[in-house]
Amino acid sequence: METLQNLKRPGLLLRAARHGLADYRREVHLRRLLIDAPQHPSACLAQLLRLEARQDDARRCAGADYRVAEHVQTLIAIMAEARHLRLTQRPAAAGALAQTKRAHALQHTLA
């Protein structure tokens, strides 16, 4: 997540990606971007970030193989997978917190 927060890209690319986020379909878009897309969002993010870094290098060097649309699709997938990862981690963290509170309440009751 820290890597995502430190990602510096042109505003136009990010705005285009945010606009396309609503239409993101994980099973369709990941298959298009990654040959063997892992199921877990953190593994997907790692692969997507490596792909995006190569695309950004090509953008900066004005490489002949650079495609803006592909770069935007990758940024969309990164944003969506990061959101998916946050949502999958929240219930686990909330469950652990609730379990800790129950344990403390039980200790106070027994004491």
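A salt bridge here is a side-chain nitrogen of Lys or Arg within 4 Å of a carboxyl oxygen of Asp or Glu. The views below come from a predicted model.

View 1. Arginine 60 has a relative accessible area of 55%. Exposed means over 50%, so arginine 60 counts as exposed.

**View 2. Aspartate 56 also forms a salt bridge with arginine 59**. Here the closest N and O atoms are 2.8 Å apart. Again both partners lie in helix α4, which spans residues 41-60. The spacing is 3 residues, about one turn of the helix. Is aspartate 56 buried or exposed? Its relative accessible area is 3%, so aspartate 56 is buried. Arginine 59 has a relative accessible area of 25% and is partly exposed.

**View 3. Five residues are linked in a network of salt bridges**. The members are Arg9, Glu52, Asp56, Arg59 and Arg60. Asp56 takes part in the pair with Arg59. Across the whole structure, a search finds 5 salt bridges.

**View 4. Arginine 26 and glutamate 81 form a salt bridge**. Their closest N and O atoms lie 2.9 Å apart. This pair links distant parts of the chain, with the two residues 55 apart. Arginine 26 is in helix α3, residues 26-33. Glutamate 81 is in helix α5. Are these two residues buried or exposed? Both arginine 26 and glutamate 81 are buried.

**View 5. Arginine 83 lies in helix α5**. This helix covers residues 68-110. Glutamate 81, from the previous view, is in helix α5 too. Arginine 83 has 39% relative accessibility. Buried means under 20% and exposed means over 50%, so arginine 83 falls in between and counts as partly exposed. How far apart are the C-alpha atoms of arginine 83 and proline 41? They are separated by 9.0 Å. Along the chain, arginine 83 and proline 41 are 42 residues apart.

Technical notes. Residues numbered from 1 in each chain as written. Predicted model: local features only at pLDDT ≥ 70, side-chain atom pairs only at ≥ 80, totals over all residues. Heavy atoms only, no water. Helix = DSSP H or I, 4+ residues; strand = E, 2+ residues; numbered from the N terminus. Buried < 20%, exposed > 50% of the residue type's maximum accessible area, 1.4 Å probe, protein only.
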